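Welcome! Please take a moment with the sequence and the 3D view below before reading on.

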Amino acid sequence: MALALPACILSGCSRKAAVRDVASRLAGISEIGTVEYTVKKVISANDTSVFKIGDRKIYFTCIANVKAGIDLSGFSEDDIKADRSSKSVEVVLPHARILSIELPPGKIEEKYCSVTGFRWNFTPEEKRALLKQGEDDILAKVEKNGILEDAERNSSELVRTMFKGLGFENGN
């Protein structure tokens, strides 16, 4: 994408055509990931039941990669307001969202497991459910820690830089 913009400028196309070209290229990109957080998480369960003899305890550590950015699939030329005389441009971008969360299997470690009394070990399904709860908790916490704000700021800066390359000096 970055290489196509100078080609349009060098070939002498108008600024309006360049804006149209940028809009169509942005719409052709379904998502732009602009921030990635790496999060370490401890996931634990302590299954002590009054009606069963014994305890079941387990805990995992994992490292998750969370990517956030913007979805541009609905982006169009209507989302860009360019003024050639003042060399200003205003671009309406969608709000950032979490694009993906990945818990690589090699980064998940079962650190402790203890089953006592007449209790059964944790099943693979129970372990997967615990990891899913951990993933949900990670998402809730990274959203509170500003990943979406960082993604929006980075997305705006990326688009602003693209339009500066087209000769627009002022932009939002």
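The briefing below goes from the overall fold to single residues.

This is a predicted model, in which local features need pLDDT of at least 70, side-chain atom pairs count only at pLDDT 80 or more, and totals for chains, interfaces and linings use all residues. Residues are numbered from 1 along each chain as its sequence is written, and side-chain values use heavy atoms, with hydrogens and water left out.

**Overall fold**

- You will find 4 helices and 7 strands in the chain; helices (H or I, at least four residues) and strands (E, at least two) are DSSP runs, numbered from the N terminus.
- Following the sequence, the pattern reads α-α-β-β-β-β-β-β-α-α-β.
- The chain has 172 residues, and 32% of them count as buried; buried means under 20% relative accessible area, exposed over 50%, and partly exposed in between, using a 1.4 Å probe and protein chains only.
- Among contacts in the chain with a separation of 6 or more, 79% join residues 24 or more positions apart; a contact means heavy atoms within 4.5 Å.

**The nonpolar core**

- The largest nonpolar core holds 34 residues, and Val91, Ile138, Val142, Ile147 and Phe163 have the most contacts inside it.
- Such a core is a set of buried Ala, Val, Leu, Ile, Met, Phe, Trp, Tyr and Cys residues joined through side-chain atoms within 4.5 Å.
- At least two residues of this core come from each of β1 (31-48), β2 (55-71), β4 (88-91), α3 (124-144) and α4 (147-165).
- Strand β2 gives the largest share of this core, with 7 residues.
- Leaving aside residues up to four places away in sequence, Ile147 touches Val35, Tyr37, Val66, Ala68, Ile98 and Val142.

**Strands β3 and β4**

- Strand β3 (residues 80-83) pairs with β4 in the antiparallel sense over 4 bridges; two strands pair if DSSP finds at least two bridges between them.
- Within this pairing, Ala82 stands opposite Val89 in β4.
- The hairpin of β3 and β4 has 4 residues between the strands, and Lys87 there takes a positive phi near 55°.

- Leu26 belongs to helix α2 (residues 15-28), and its relative accessible area of 0% makes it buried.
- Between Leu26 and Ser76 there are 8.1 Å in space, C-alpha to C-alpha, although they are 50 residues apart in sequence.
- Gly134 is found in helix α3, and counts as buried at 3% relative accessibility.
- Gly134 touches Lys41 and Ile43, not counting residues up to four places away in sequence.
- Gly134 and Thr61 are 73 residues apart in sequence, yet 9.8 Å apart in space, C-alpha to C-alpha.

**Cysteines and rings**

- A search of the whole structure turns up 0 disulfides, a disulfide being a pair of cysteine sulfur atoms within 2.5 Å.
- Cys62 is buried, with 1% relative accessible area, whereas Cys113 is partly exposed at 31% relative accessibility.
- The charged end of Arg56 sits over the ring of Phe122, 4.2 Å from its centre; this label requires NZ of Lys or CZ of Arg within 6 Å of the ring centre and within 35 degrees of the ring normal.
- The structure also holds 1 aromatic pair; rings of Phe, Tyr and Trp (its six-membered ring) pair if their centres lie within 6.5 Å, with planes under 30 degrees apart counted as stacked, over 60 as edge-to-face and the rest as tilted.
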